[in-house]
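Hello,

The structure we talked about is below. My notes on it follow.

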Amino acid sequence: MLITNVLSAQNEAKISLHSSGKIYLVVGVLITIFIGIIAFLIYLERKLNSLEEQIKQDE
Amino acid sequence: MKKHWWKALSVLIVLYTIIAGLIIPLKPGILKIKQSGLNTGQIITAEVNTYNTRYENGDKLDAYLKINDKVKLYSSSSKILGKEKVELTFDVPAYLPQVKSFDYTLILVDPKHGPFVRPSAITLKQDKVDIEQALATWPKQNEIPLKFIDGIKFPFRTILYESIRNTFYHVPMWFAMVFILFAAMWYSIRYLVKPVFRFDIAARSLTSIGVILGILGCLTGSVWAKGTWGTWWTFQEIKLNVSAIALLIYFAYFILRSAIQDEEQKARVASVYNIFAFVAMVPLLFVVPRMVASSLHPGNGGNPGFGGEDLDNTLRMVFYPAIIGWTLFSFWLAELLYRYQLLQEKMDEEFD
């Protein structure tokens, strides 16, 4: 039975993303990715809209 | 545009879950304990590494071990060694009202952080069990009232630690998947009632998004598992097995579609299969895991329900919006796919 409870991936010397404030960096990266994906989706929306308009006009 | 409000809302909610889910800190907790000895009837010191604490010299720190529901053992003294390190001294009586060897829960409490706990923290071993003697000679304890500190912080859980944040991303995807696949079944039923092709296209696009969500759910779960359970996958965990089976059933939907040439027949058979797939998925994902003896997932295999101990009010603040946000977002993706496939069908018709 374990006497010491070991935190597997961290040792005392490492500073967590949180305490060093670097978590904001991670948040920034993820938001950038997400905004990029949203921009692509909006582009798709516009493309589809114009195609749908075209089809409607041809009918 | 007015009719796209729910798409903008989904983006806002998902942004909120990303920001809040990552920035809100964890409550203080106990990381590591090194105890000087195991046996009763002696003074034992424990060097405790904590997390998210701001101890300063002079802080009044109390600690106790929960021996059983009625009996506590308070530390005789405590020393602050650092912002996240303390040393506790326990005067352990010769007899403990418990079994021979047991891992006792440790509770730390101080005015700055409030109480926080770690189960199975300190092991104590006694050679002889004499519960009556233990209770009769138990030293008088000065009870310290537990004053909880208010604040929005996520719970500190052993094994999970910071990865508890995955609750906002991994789980909502599965919820979104169920809603999406329900909609797919809905359109499949509508197609069978009235064979209009766009119902079949809707069912197909929704099923595609549902399957993608399921795959992402498995992938994110796999990453989470590697970090917490130590393995990317295990066939011993019921939820993984039934999820894989449910996903395979939906993969077969697409294989079935490609096997039939005639458009109307394809749509009809696929619709029937889609309904079966959803009806099969519900008990697989939600009933079977609760019936087995043991599971690593909350709410399954005898573990307390996901609403009980695992989800506290601070988690709920981000978790419930996350479900709504990801579901709406998934419907946006499905709608785009549907419109694209519809256009493709129309263009194919024109050139036939």
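Two strands are taken as paired if DSSP finds at least two bridges between them. Strands (E, at least two residues) and helices (H or I, at least four) are DSSP runs, numbered from the N terminus. This is a predicted model, in which local features need pLDDT of at least 70 and side-chain atom pairs count only at pLDDT 80 or more, while totals for chains, interfaces and linings use all residues. Residues are numbered from 1 along each chain as its sequence is written, and chains are lettered from A and ligands numbered from 1 in the order in which they are written.

Chain B as a whole: its secondary structure comes to seven helices and eight strands. The C-alpha trace spans about 90 × 45 × 30 Å along its principal axes.

Strand 6 of chain B: a hairpin of two residues links strand 5 to strand 6. Strand 5 (residues 77–82) and strand 6 run antiparallel and are joined by five bridges, with S78(B) as the bridge partner of L88(B). Strand 2 (residues 43–51) also pairs with strand 6 in the antiparallel sense, over seven bridges; there I43(B) stands opposite D91(B).

The side chains of strand 6 (residues 85–91) alternate. V86(B), L88(B) and F90(B) point to one face and are buried (20 or more other C-beta atoms within 10 Å of the residue's own, with C-beta atoms placed from the backbone).

Regards

Terms used: Buried ≥ 20, exposed ≤ 12 C-beta atoms within 10 Å, placed from the backbone.
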